[in-house]
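I opened this entry to log what I looked up in the model, item by item. The sequence and coordinates come first, then the notes.

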Amino acid sequence: MATDLLSADATTADSVATRSLRTGTIAGGEDGSRKNSTGETIPSVRRGRRFRTSGAGQGSAENLDTPQTKTPTVFGDYVELTKPRIVTMILVTTTATAIMGAGGLVAWIDWMWLMIGTAAIAGSAGAANQIWERVIDCNMTRTANRPLPAGRVGLLPSLIYTATLGVVGTTVLWSFFGVQPALAGLATWMIYVLVYTPMKTRTAWNTTIGAIAGALPVLIGYTATGGQLSDATGWLLFGVLGTWQYPHFMAIAWMYRRQYDEAGFKMTTTVEPTGRSAGWQSIVGSLALIVCGVALCFINGFTWFAVPAAIGVLVATVPMLRASLLFAGQPDDITARKLLRSSLLVLPAVLLIVTLRVFW
Ligand code: HEM
Ligand SMILES: CC(C)=CCC/C(C)=C/CC/C(C)=C/COP(=O)(O)OP(=O)(O)O
C-alpha cells in the first residue's frame, strides 16, 4: 500500500534509542557505533527508510517496539538461547511424525530419548543462530534483550553450550534410532545455521531455505520409528511443515518489518513493502497446506476415518486460509497478528488429525 512508503522515520529511531537506554547494555559512541557489554562493536542502526510506525487503517504496532522488562536469570538465559518455544513446537511435530513412522504408539522410553535428542540438536541450532546474529540482533527491539546481544552470556560459554547440545543430540539420535534421524538432525542444523542464517541479510529467498530447515525435523521423528525416506507419507509431512511456515512467517515478517528493515535483514516485507507479496505467499502456503493435509488423510486408502479426518483438516485449516485472505486484502498489524495466532493453532490441530488417522 502506498501509505506504507515513507522516508526517514524519527519515531522508529527513537524507539531504538529508548531500548538502548532501558536495557543499559549498549554504550553509545560519537560515530553512531556502539559497544555491548561484552565489548563487541555494534554498527550504528540503519534508520528505517520506508515505514511509518502507524497510520490510518494500518493497526498499531506500538507494543512491538517496546522492550521486554522480565528480569532474566542465568538458567533462563541458557534456556532462551535454545529458542524454547520453537523447540517445543518442533517436539510436538516430532511426536506426531514418530507415531506416523511407527504406524501406532511409540514406547514411552523411546519417545523420551527422541525428545531429548531432538530438543538438544534443535536447541543447539537455535543457540548457534543467536551466536551468529549476536551483533545484528542488537539492532532490533525484538531481539536486543536476548542473552548474547545484551551481554548476559559470553561468547565462549555459548559456543561450548551449542557444541555440547549438538554433540549430545546427534549422539542420542544416532545411538538410539540409527543413522537416518541423526543425519536428518545434522542436515537441519547445517541448513538452518550455515545457509539460512547468513542468507537473512542477503535475500528474501532466505524464507524458503528457513522453511526447508523448519520442515526437515519431521524426518527425524518419521525415520526414528521405522518410516522410510522413500515413503510418500514422510514427504507429505515435510510438505505440511514447509507450506505452513509461509503464512506463519509472512505474518511475522509484516509485524516486524520496520525492525527487520532497520537492522538490515532482507525479508519479503522489506524488499516488497506493500505487503502484496507477503499476502499471496500466505494464501499459496495455506492452500498447499490444505492439499498436503488432505492427501495425508487418504494416503493409506479410504478407511472409515479418512473422510472425517479430511473434513477435520479442512475445518482446522480454513480459518488460516481466511486469515491469509484478510491479511492479503488489507495487510496491517491486526490482520497479521490474527494470521500468526491462527498459524500457531492450525499446526498442532492438523498434526493431531493426521496422526489419529494412523489408528483408524
Ligand atoms: C521460515 C521459517 C520460520 C521463521 C522465519 C520463523 C520465525 C519466527 C519468529 C521471528 C518468531 C518470533 C515472533 C515474535 O517474536 O513475536 C516465531 C515465533 C514462533 N515460531 Fe516460527 N519461524 C519459522 C518456522 C517455525 C517452525 C518450523 C516452528 C516449529 C515447528 C516455529 C514455531 C514457532 C512458534 C511456536 C512461535 C511462537 C513463539 C512465541 O510465542 O514467542 N516456527 N517464528
Ligand atoms: C532439529 C533441528 C536442528 C532443528 C532446528 C531447526 C529450527 C530451529 C528451525 C526453526 C525455523 C526457523 C527458520 C526459525 C526462525 O529463525 P530466525 O533466525 O529467523 O528467528 P529470529 O529472528 O527470532 O532469530
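**Ligand 1**

I began with the shell around ligand 1, to which α3, α8 and α10 each supply at least two residues. Helices here are DSSP runs of H or I with at least four residues, strands are runs of E with at least two, and both are numbered from the N terminus. The largest share of this shell, five residues, comes from α3. I counted a residue as near a molecule or strand if its C-beta atom, placed from the backbone, lies within 6 Å of it. On that basis 15 residues surround ligand 1, and the closest are Arg-85, Met-89, Gly-210, Gly-214 and Phe-249. By class the shell has seven nonpolar, six polar and two charged residues. Ala, Val, Leu, Ile, Met, Phe, Trp, Tyr, Cys and Pro count as nonpolar, Asp, Glu, Lys and Arg as charged, and the others, Gly among them, as polar.

Where does ligand 1 lie relative to the two domains? Ligand 1 lies between them, because domain 1 (74–229) and domain 2 (231–359) both give residues to its shell.

**Model and numbering**

I noted that this is a predicted model: local features need pLDDT of at least 70, side-chain atom pairs count only at pLDDT 80 or more, and totals for chains, interfaces and linings use all residues. Residues are numbered from 1 along each chain as its sequence is written, while chains are lettered from A and ligands numbered from 1 in the order in which they are written.

I then checked confidence. The mean pLDDT (the predictor's confidence in each residue, from 0 to 100) is 85 for the protein, and 81% of its residues reach 70 or more. Over residues 1–34 the pLDDT is below 50, and this stretch has 59 contacts in the model beyond near neighbours in sequence. Residues 42–62 also have pLDDT below 50, with 59 contacts beyond near neighbours in sequence. A contact means that two C-beta atoms, placed from the backbone, lie within 7 Å. For the complex the predictor gives an ipTM of 0.94 and a pTM of 0.85.

**Domains**

I logged the overall content as 15 helices and three strands. The protein is divided into domain 1 (74–229) and domain 2 (231–359), with bounds from an automatic or database domain assignment. Their centres, taken over C-alpha atoms, are 21 Å apart. Across the boundary, 32 residues of domain 1 are in contact with 25 residues of domain 2. On the domain 1 side, α3, α5 (141–144), α8 and α9 (217–224) give two or more residues. That side divides into 15 nonpolar, 14 polar and three charged residues.

**Core and burial**

Buried residues make up 48% of the 360 residues in the protein. I used buried for 20 or more other C-beta atoms within 10 Å of a residue's own, exposed for 12 or fewer, and partly exposed in between, with C-beta atoms placed from the backbone.

The largest nonpolar core has 84 residues, and those with the most contacts inside it are Leu-237, Val-240, Ala-251, Ala-253, Val-313 and Val-350. Such a core is a set of buried Ala, Val, Leu, Ile, Met, Phe, Trp, Tyr and Cys residues joined through C-beta atoms within 7 Å. Helix α10 (residues 232–255) gives the most to this core, with 14 residues. The core draws at least three residues from each of domain 1 and domain 2. Not counting residues up to four places away in sequence, Val-350 touches Val-240, Gly-293, Val-313, Ala-316 and Thr-317.

**Two single residues**

Is Thr-268 buried or exposed? Thr-268 is buried, because 26 other C-beta atoms lie within 10 Å. It is found in helix α12 (residues 268–271).

Lys-83 has a positive phi of about 55° although it is not a glycine. I placed Lys-83 in the loop between α2 (74–81) and α3. Lys-83 counts as partly exposed, because it has 19 C-beta neighbours inside 10 Å.
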